[in-house]
Structure formats: structure tokens, C-alpha cells
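Let's take a walk through this structure together, starting with charged side chains and then moving on to a sheet and its helices.

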Amino acid sequence: MPYERTDAITIRYTDFSETSRIFTFYTRRFGRVSALAKGVKRKYSKMIGHVDLLSHSEIIFTSGLSRDRLHILTEANAYETFPNIRKQLPRFYAACHAAELVNNMTSLDDPSPELFDQLLDLLRRRDRNVGTAIALLAFEGQLLLLSGFMPQLSNCVSCGKKNRQKTVAFSPRLGGIVCSKCSTGEAELIHDLPADALSLFERLAQKKLTKLSRVKISPSVTHQTRAFLNRYETYILAKKLHTAKHLG
Amino acid sequence: MVGHPASIEALATEFAKMPGIGSRTAMRLAYYVQSLTSEDAARLVDAIRTVKAKSRQCSICCNISETDPCPVCGDASRDRTTVCVVERVQDMTAIDSSGSYRGLYHVLGGRIAPLDGVYPENLNIDALVTRVKEGEIREIIIATNPDTEGDSTANLVADRLAPFGVTVSVLARGVPAGGQLEHAAKNTLAGAIEGRRTVKG
């Protein structure tokens, strides 16, 4: 049975039995994978502490042959456990939101080393408390871009006309902003979104702002962008994410 | 196609709602119940009814008990100035069985787990703050599980109790007795180094 070795970030776990857990990792080489860690809850497990939620580890697993592609985790070695993320709830909530998004927006065995690096970068920023308010928005933008769900935020998604208004309406169904003419009859619109906040979000997603720590963003713009993202993510995933509740 | 009898299906559906029980295990349990004698089945039904009728949450520590206050809170021989904060009732039982702790407890009813939709407002943290405000408690020992979610919960509890001047500590952590250093995670070893103690010569 072939063994695979890769860098991984633990994005979810569920108890499987008294002593075993199923972990979901986002890995550099294989994308999202699920693996059964037998006996990991035992007192003397060699993997204990190496596969904590949100930790960055090297994992070794045997490829699962079943239809649900559940692998068997055979070894884990933690590189980074991000202890400071645990010290403040807003950091912890943001990191969990990123993990839940990756778990829901990526497919099994569909690797994206770029997304892996973005997630790792976000965890490191949250751990060091650098660019905290904006780092999550930037990550979400890059995730939407890489997964093909990035909305059209500069031009009307329906007629292509460039937006020149200060506030715009957004259609989750069409995946972009809509001008006043095209919005007639469109249901589930998000109204009065500030165009400058959407423009900033678009630039974050396209990595046009390299020094995140230098980007200044007002709490009201963060709040409005957050509300828009929560509604858009709920629409494209067809479910409410648990972690969207307490994001600042 | 031959199916299961409706009564068996209905019982299996109820078993499948329990934690860790899948549909096959649920069906196996349902057939097991069917195979019981009438007396054994009646005892099982009675046991479930009794649990629901008699057990309740202790109004002081949130433990599950048949009396209010629970036997631990009602035990006058315990140290009433120290409270050990645990995630679940099972953790309280484990700590008490060690025999090295004779104070009181507070059961949070879980830990902060955003990925499962569990937030501070879902835990019994306010009840703990109310107990501490009353003034008798001098020390809080936080005994949440030593992982990401347990540590986040411990930090929040410590923050909430900071204004009240009580001593707040967490359980020592490190390499388990009988474990091996080479397999310990970095944070486990870091905890062991930080919490080292002097050995008398």
C-alpha cells in the first residue's frame, strides 16, 4: 500500500470511536484529504499534539481504497501550532472561519499549493497579530478567486457597464454588482454596498495590495464587507457557515 | 425487496440519533432490543424513563445529579474556596477519581468550538462568574482539554475572571508518565519545560 507524505493544516476533526478520530487536512500536495487516525485519543499515542486543529504538520498516510477516499494516518509531526491564536477569541474565530471555508469550498484530492500557502500565511498573521482585520478578507478574496467564485465587482454583471455610483446593489445569484437598470425584477439583492469597500476587496483578492499591514480600513467598511461576504458565501455554499456568526 | 419491520426501523432511527451510532449499528441495536425478554426490555425502558425523570442540572456547578445541589456541592467536607472548571461531567469524575483534589467543580457543558457552532454563550460561563462574584472562592483551576479549542476556552474563562482578584491556574502539561520524549509534540515539550520542577537531591 503506497505511503504519501505532505505538509498539512488540520481544518476539521470528528470523533470516530472511543480512541480514534477522522481528521480533515488541507495539504500542499493533495488538496483536501480525510484520514482516520487510529488510537489518536489514547494517552500514549505518538500523534497526540501533532494534529491539533489549525496546526501545521507533516503527515504521512496510506491511500484509502474505499469510495469515500478515507485514508489512514500513520504519522504526524507538528511544525507550527500557533499558540497565540488560542489566546484571543477574534483570532481564533477568524482562523476557524478560514478553515471552514476551505473545508466547504474545495474538493477532495484537488491540490492548490497557492491556496495552502495563503491559508498558512493567514494562520501565521493571526498568530503574530499582524494585519488582523484585513488578512481574513484578503484570504477570502483569494479563496473565491482560486475556486472560481470571485464576483464581478467593478462592472455590472448583467450589462457590463462600469460602475460610477458610490453605493451599489449586489446579486448573489448573478455573482456580481448590478446597475439600477439591470436590478429591476432581480430578487435577493444586497443593497447600498459601498463601492469603495468592494473595490478594496477586489484588490485584496487580486493581491494588488502586498503590504497588508499598511492597509488602513475603517471598522464600518470592514463590517459592510463582512456582511456582504457572509451573504454571498451562504448563497454559493447553500448553507450558513457556523463560523460566520461572531466575525468582527 | 425484503425490508425491516416498521417498528424495528423506528427504533433504529432513534438509536441513530445518538452520538457515534451509525445506521448499521443502530439497526443491530434495534434487533438486540427485539431479542430481549419482556422483563429486560421493561428494565431498559424504566432506566431511560428514570434518567429523564430524576436527573437534573445542579443549580450551583451545572453537574448532572439527582439532587440539587449535587452531592459534590452539598459535601461540607470539601474545600469551598477552590473550584476546578471542567468541560464535561465525565472530566469531573476523572479528576475526582485521582484522589488528589478535594475542592468544588464547575461544569462548562462543552468548549468553544466555532466549527461545531459552539460559542461562549452556549457554555455555563456566566454561572461561573456569578459564583466567583459571591466572594467565597479564592482559586480557580481550569481543567479544559489541552488542545486548540480547550486552550481557547481556558483563556476566555481566565479573561472573564480577571477582574475579580481570584487566583486562576491551568493544569500542568507535558510528557505523560510512561510516554517517550522523541514522540512528544513541540508544544507538549515546551509546556513540560515551562512547568519543570526542582528535584530534591
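Is Arg173(B) buried or exposed, or something in between? Arg173(B) is partly exposed, because its relative accessible area is 36%; here buried means under 20% relative accessible area, exposed over 50%, and partly exposed in between, using a 1.4 Å probe and protein chains only. Before going on, please note that this is a predicted model, in which local features need pLDDT of at least 70, side-chain atom pairs count only at pLDDT 80 or more, and totals for chains, interfaces and linings use all residues. Residues are numbered from 1 along each chain as its sequence is written, chains are lettered from A and ligands numbered from 1 in the order in which they are written, and side-chain values use heavy atoms, with hydrogens and water left out.

Arg173(B) has a charged partner: Asp151(B) joins it in a salt bridge, with the closest N and O atoms 3.0 Å apart. A salt bridge here is a side-chain nitrogen of Lys or Arg within 4 Å of a carboxyl oxygen of Asp or Glu. Asp151(B) lies in helix 6 (residues 148-161) of chain B and Arg173(B) in the loop between strand 6 (167-170) and helix 7 (186-194) of chain B, so the pair ties together parts that are 22 residues apart in sequence. Helices (H or I, at least four residues) and strands (E, at least two) are DSSP runs, numbered from the N terminus. Asp151(B) is buried, at 10% relative accessible area. Both residues also belong to a salt-bridge network with Asp52(A) and Arg86(A).

Elsewhere in chain B, Glu14(B) and Lys17(B) form a salt bridge at 3.1 Å between the closest N and O atoms. Glu14(B) is partly exposed at 43% relative accessibility, whereas Lys17(B) is exposed at 61%. Over all chains, the whole structure holds 27 salt bridges.

Now turn to chain A, where 3 strands make an open antiparallel sheet in the order 7-6-8; strands pair if DSSP finds at least two bridges between them. Strand 7 (176-178) and strand 8 (190-194) are the edges, each pairing on one side only. Strand 6 (residues 167-171) of chain A pairs with strand 8 over 3 bridges, and Phe170(A) has Ile190(A) as its bridge partner.

Helix 4 (residues 195-205) of chain A packs on this sheet, touching strand 6, strand 7 and strand 8 of chain A. Contact means heavy atoms within 4.5 Å.

Methods: Axes fitted to C-alpha atoms, helices over the stretch in contact; angles between N-to-C directions.
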